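Try each task before you read its solution.

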Amino acid sequence: MNKEERLIKRYKAEKRFQFYGKAAIFMALLFLVVFLTKIFSTGYTAFQKTWLVIPVNYNADLLYLDPDKKPTTEDINDADFYEFGIETFITLDPDASEDQIMELKKMFAFTFERELKYYLLDNPDSFGKTVDVKLTASDDLDQVFKGNYPRDIPENRRRASDYQLKIFDKLNEDGRIISEFNASFFTNADSREAELAGIASSFMGSLFSILVCLSIAFPVALLAAVYLEEFAPKNRFTDFIEVNINNLAAVPSIVFGLLGLGVLLAVFGLPRSTPLVGGITLSLMTLPTIIIAARASLKAVPPSIREAALAMGASKMQTTMHHTVPLALPGTLSGTIIGLAQALGETAPLILIGMVAFVNTIPGTPMDPAASLPVQIYIWAESAERGFVEKVSACIMVLLFFLIFMNLGAQLIRHKFEKKWN
Amino acid sequence: MNKIEAKNVDVYYGAKQALFDINMDIEANKVTALIGPSGCGKSTFLRCLNRMNDVIDICKVSGVVKINDYDINQKDTDVVRLREKVGMIFQKPNPFPKTIYENISYGPEIHGIAQSKSEMDNIVEESLRKAALWEEVKDRIHEPGTGLSGGQQQRLCIARTISIKPEVILMDEPCSALDPIATAQIEELIDELRKEHTIIIVTHSMSQAARVSQNTGFFHLGKLIEVGSTDKIFKNPTQQQTQDYITGRFG
């Protein structure tokens, strides 16, 4: 082989290598696009909510209230809106049979009583008049309206009956079915009814867990890293500790869940299903990640800076606190955010410590029972109702949004606050 | 009068001995140059004088180093106070990644030298003036010190060191990373600083040693071969090795 041929071969090899590299990146992007497309196309409808706008006659007789007197808040609160609701639904089809009346009722979310009551409380002037009121549609009709629900399968295999669909279509023709931004998805806690289920509880649960995790893991990890890197003598024992920290980072998260269950719940008797326990468990998991990031950033601080400070007569502690740690902080913080992002997406350990429980209240403190976003995804993904399918994807979107947001933050800190030294 | 007296100083890096039985006296308010080929132990000796070798885990120092007649190698020597008296300039300029002002105010701050803001301002200005840097940076003392040129950075480091008025300044090849013009500025500065400080400078350049120093010590393979006035070492050395080195036969 002469020199010329050899050169051509080398160039070809390089071209091939570059092609493989590009193909690999393309593959990775393709997976990402397919994944995101699937999530978005399934989930975006969850941000819309279907309402049925029906004429409601706030008739005093139907509510068993005195027609001549304006009802007080107390009167309205005491009134029976269940029977009133049924009477209202009958107006949609005055010829309905007993069974059909029940079907009419099932076209609405079971919160119709509350919705009718709150409308009257908010609009006391409607008393004695017939007004249009917006009521939450049941998840079956919600899915029908969004087109997620096949109408052409036999009736006995469908949750929405032919009768319901007939009424629904009639309302639709009259423009009495509207779709609006689904605020309740963000303000409601979990519910057995898909049309009412929201992420408020799991979001707060995740937030509290992350805060607990951060406030434990960050200081502990920073102190451990600073001591190991700056003060500890380099000997077999510190080597042993270092190896074990790295091992800890590789421990499957479910093991930490078992630890939380066995120690935090069983021995210390902390309240089950709470973000407090979840946060402590997650902090065990995040600890090695932050320690490793902090040590790497401390190592990256040039020794000349330490020598400069020491030669000025700064003590070891002053050198560390005034120079080394501030310079290592950006790297440590971005490592911390990455660790927290991992913790935010963690499911297994939280399931073990009971954060998988059905929680229909919004937690106010880390000591209240709560779910978390990834666990909420798990719970909803297990539910049979079709309405939960879009909720799962929507919840994934919310989680992804926060993960991307946190990773961007980490990136930003790295770029912006990184001190440049020559 | 001898500012520093080193007696029987041995230094080991792990099992390897780096300095062998060094005995050397250093005169006050003079510039003493330490010369010798690479790896001869001159920097190691310099770092014995402010105990910077403590930073290196495997480094063991024995022998007596007296500064102002006080042995600094005792167990209970306070290295913080020692380094307040014995400042050091490094081979590569190493300003803190902070502003010029903060670079200089750091020493006085941790040693509690300045009582007020105006006093601190005075110290900063005085130090920068003494380091012949004031005129160049007076309009931007609140900008990062790392933005200066190499020579300016090294003068900033000198200003930082003299801000706490050390009695002794150690310089470890302070000009090796600088261009000839910056080197000339630093050399001029060294001559100026000699009035108030005792200076010990490690250098690779024999011409630099001849230009700036009054006394010179020649190191070779961890031993102090010869020490004396710079004139004598360069013109009339007693040892053959010194003669060979300064005439450029090896090193």
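**Exercise 1: overall form of chain B**

Chain B has a radius of gyration of 18 Å, which agrees with the value near 18 Å for a compact globule of 251 residues (taken over C-alpha atoms; the rule is 2.2 Å times the number of residues to the power 0.38). The model is predicted: local features need pLDDT of at least 70, side-chain atom pairs count only at pLDDT 80 or more, and totals for chains, interfaces and linings use all residues. Residues are numbered from 1 along each chain as its sequence is written, with chains lettered from A and ligands numbered from 1 in the order in which they are written.

*Task.* Find the box that the C-alpha atoms of chain B fill.

*Solution.* Along the principal axes, the box is roughly 55 × 45 × 35 Å.

**Exercise 2: the contact between chains**

*Task.* How many residues of chain B are in contact with chain A?

*Solution.* Start with the count: 21 residues of chain B are in contact with 19 of chain A (C-beta atoms, placed from the backbone, within 7 Å). Next, sort the chain B side by class: 10 are nonpolar, 6 polar and 5 charged (Ala, Val, Leu, Ile, Met, Phe, Trp, Tyr, Cys and Pro are nonpolar; Asp, Glu, Lys and Arg charged; the others, Gly among them, polar).

**Exercise 3: a sheet in chain A**

*Task.* Which strands stand at the edges of the open sheet in chain A?

*Solution.* First, read the order of its 3 strands, β2-β1-β3, with antiparallel pairing (strands are DSSP runs of E, at least two residues, numbered from the N terminus; a pair needs at least two bridges by DSSP). Then look at the ends: β2 (130-136) and β3 (177-181) of chain A each have a single partner strand, so one side of each lacks a neighbour in the sheet. Finally, zoom in on β1 (residues 48-57) of chain A, joined to β2(A) by 7 bridges.

Key: Contact = placed C-beta atoms within 7 Å. Helix = DSSP H or I, 4+ residues; strand = E, 2+ residues; numbered from the N terminus.
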